[in-house]
Number of protein chains: 2
Amino acid sequence: MSARIEDVARQAGVSTATVSRVLSGKPYVSAAVRQRVLDAIGELNYHPSRVARSLRVQRSSIIGLIISDIQNPFFTAIVRAVEDVAQQRGYSVILCNSDEDVEKELTYIQLMLAEQVSGMIVSPTASNNEVYRRLVERRVPVVAIDRRADDVPMDMVVGDNVSAAHQLVSHLIENGYRRIGAVLGIPEASTGAERYQGYQEALLEHGLPLAPELVRSGMPRSQNGYELTLELLGQTLRPDAIFTGNNLLTIGALRAIHELGLRIPDDIAVAGFDELDWMFLVKPALTVVMQPTYEMGRQAAELLLARIDDPERPPQQVVLQPTIKVRESSRRVSVTV
Amino acid sequence: MSARIEDVARQAGVSTATVSRVLSGKPYVSAAVRQRVLDAIGELNYHPSRVARSLRVQRSSIIGLIISDIQNPFFTAIVRAVEDVAQQRGYSVILCNSDEDVEKELTYIQLMLAEQVSGMIVSPTASNNEVYRRLVERRVPVVAIDRRADDVPMDMVVGDNVSAAHQLVSHLIENGYRRIGAVLGIPEASTGAERYQGYQEALLEHGLPLAPELVRSGMPRSQNGYELTLELLGQTLRPDAIFTGNNLLTIGALRAIHELGLRIPDDIAVAGFDELDWMFLVKPALTVVMQPTYEMGRQAAELLLARIDDPERPPQQVVLQPTIKVRESSRRVSVTV
DNA sequence: CTGTTAGCGCCTTCAG
DNA sequence: CTGAAGGCGCTAACAG
């Protein structure tokens, strides 16, 4: 079909070894020969087979990226960042979507291994830590992003979820809200668990009771945010504020509130996670956490490349601080306890 | 490192060829032997090297997907669909982001070729048709999605943009709007050009003049939608309605309108493309086009797989009809001409 | 039904 | 500074 290294060698009147040297920028090739080879490459429009190279060097120049929801803008920003870094360093990216499914995640990890990826970046769906422990032991470069695999000594870059949730909920309390409902992601993911923890701590510190009937959790999809919020707001003693633990859940909650005809922040306040900048549409009173999403992806990619270069370096754990943004004051004067 | 086919063969007491046969589900292997091989595979936790297989069969089980903006929900739905189909048929997906950059697009196409992909799905950034023509001639399976590569006899799945734009603009006109501004994507992409055409035709059919000062175009990013809309609305004789030719531009336009304190539809009407379901936040009066995004991706993947199976089949061109959705009536009684 | 063998395209010693 | 040759792991003839 297309030109092979042998064709180039013949055309340039050298051996394949020399062509290979030129290709990989090795020294010890005379300028004249190098130019001849380069010309031949150009004339034949030669592109080396990455597959053959991968087989030979036992390592492809591919980075695997396994995220849990490609349709979540949070993750697309990460994809974008990883791609940028990868491309700049000569790697390409294989993207897979675990869809919050532990089985799929495992399958894709196997796929990546079979594909000889140089390394992978994964947002672990749940705590199937054994898998990651084994990868680390086998010296497979892998970094966790957004979510942790607890107790596994591996590279990771995550957000400070406890603190962020704590700040959001505290902000609500300090503005007079008392019955604060929570719409959270699944507790199996570290993000869900940590944000729940921040919620609890904030309540306790302000002397408010933990009311299990005010807490709901589900897969992070906007439809769930919608349904869970309807559930919360359908109770006789309904919450006067909602804390949402994930950007898609936030969207769903807003829709539910909208449908019920409740006004923000007079009837109900909302504070939650949201990395998008589209919340401006809901004019008033929304406290949001924006995570430095692109930065997370960038750092994860850098960590991965560093580990590929040095498999024995000590694991790094990067914790990024999210930005709290108050769209409008959620203040309200009367307090109903 | 990990087990190779030879190890499995030894463990099972057979030859590598037999193991290979079992692996690829070929017939002519006795049940007993097959079981022994399967056991050996299990015991050794063997996973065949896809790289070696790719080199051998001169074709990887990878599908390349080149889209122009990973952060655009329109494309993520496509990614999702392609992945679903691919995975189901035993393919994995390499995703690349051309970022509306013709150079990058070309680079990625080369990368895909070097990676020996089975085929690729691309949303062509501009009309670098020669590239696609050459791919088609070389019998490289490739399908265009969302945008066309004009005059190239290739598989494609696109939306009926002219008709959609025509309907949107007509709807505005029929509701009494007369000075209809347009915020469009780049005309180099077929989508931009076709939507502009629909806009023009609708105006002409209703006897309205084409006013160049009412038309703006730029890269499909929300920031551009914002800026271009501000430009349009900053004119002395400002438009009474805006037609937006892309979902991100729509978002930007809404923000601009929001910032200027204009009310929809009393001060200004909006009709545009938007595949998201988040527009509910802008309560009244928005006419939108929703494209069957997932379906586009699915069909593109199916076309690609069909072409991989039969490189000589005639090219198929699938044109999907978008759904027009009127959020609220944009009707207004008084007509200002 | 099963084994032997010859490469796929490239890189990388090891000699010159 | 350059060439010759072996082999990465697998599959597809071709023999048995």
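A polar side-chain atom of R21(B) lies 2.4 Å from a base oxygen of DNA strand C. That pair is a polar contact, defined as N or O atoms within 3.5 Å; within protein, one atom must be able to donate a hydrogen and the other to accept it, and residues adjacent in sequence count only if both atoms are side-chain atoms. The model is predicted: local features need pLDDT of at least 70, side-chain atom pairs count only at pLDDT 80 or more, and totals for chains, interfaces and linings use all residues. Residues are numbered from 1 along each chain as its sequence is written, chains are lettered from A and ligands numbered from 1 in the order in which they are written, and side-chain values use heavy atoms, with hydrogens and water left out.

**DNA strand C**

Both protein chains supply elements here. Helices (H or I, at least four residues) and strands (E, at least two) are DSSP runs, numbered from the N terminus. α4(A) gives the most to this surface, with four residues.

There are 25 residues around DNA strand C, and I5(A), Y46(A), R56(A), R21(B) and R56(B) come nearest. A residue counts as near a molecule or strand if one of its heavy atoms lies within 4 Å of it. By class, the surface near DNA strand C has twelve nonpolar, seven polar and six charged residues. Here Ala, Val, Leu, Ile, Met, Phe, Trp, Tyr, Cys and Pro are nonpolar; Asp, Glu, Lys and Arg are charged; the others, Gly among them, are polar.

Of the atoms of DNA strand C within 4 Å of the protein, 65% belong to sugar or phosphate and the rest to bases.

**DNA strand D**

DNA strand D is surrounded by 26 residues; R21(A), R56(A), I5(B), Y46(B) and R56(B) are the closest. Its surface divides into twelve nonpolar, seven polar and seven charged residues. At least two residues each come from α2 (16-23) and α4 (50-57) of chain A, and from α2 (16-23) and α4 of chain B. α4(B) gives the most, with four residues. Of the atoms of DNA strand D within 4 Å of the protein, 67% belong to sugar or phosphate; the rest belong to bases.

| Protein atom | DNA atom | Distance |
|---|---|---|
| Y46(A), side-chain N or O | DNA strand C, phosphate oxygen | 2.6 Å |
| T18(B), polar side-chain atom | DNA strand C, phosphate oxygen | 2.7 Å |
| T18(A), polar side-chain atom | DNA strand D, phosphate oxygen | 2.8 Å |
| I5(B), polar backbone atom | DNA strand D, phosphate oxygen | 2.5 Å |
| A52(B), backbone N or O | DNA strand D, base nitrogen | 3.3 Å |

**Chain B against chain A**

The contact (heavy atoms within 4.5 Å) takes 47 residues from chain B and 47 residues from chain A. The size of an interface is often given as the accessible area lost when the parts come together. Chain B and chain A bury about 4,700 Å² between them, 62% of it on carbon and sulfur atoms. Buried area is the accessible area (1.4 Å probe) that two parts lose on being put together, summed over both.

Ten residue pairs are in polar contact between chain B and chain A, both residues at pLDDT 80 or more. On the side of chain B that touches chain A, two or more residues each come from α4 (50-57), α5 (73-88), β2 (92-97), α6 (102-114) and α11 (247-259) of chain B. α5(B) gives the most, with seven residues. That side has 25 nonpolar, twelve polar and ten charged residues.

**Salt bridges**

Side chains of opposite charge can pair when their charged atoms come close. A salt bridge here is a side-chain nitrogen of Lys or Arg within 4 Å of a carboxyl oxygen of Asp or Glu. Four cross the interface of chain B and chain A. R50(A) and E115(B) meet in a salt bridge at 3.0 Å, N to O.

E302(A) and R298(A) also form a salt bridge, at 3.7 Å, N to O. Both lie in helix α12 (residues 293-309) of chain A, four residues apart, about one turn of the helix.

**Symmetry**

Chain B can be laid on chain A with an RMSD of 0.1 Å, by a turn of 180° and a shift of 0.0 Å along the axis. The two copies are therefore related as by a two-fold rotation axis. Superposition is by least squares on the C-alpha atoms of residues with pLDDT of at least 70 in both. The same surface serves both copies: 100% of the contact residues of chain B recur in chain A. I94(B) comes closest to the rotation axis of the residues of chain B, at 2.3 Å (C-alpha).
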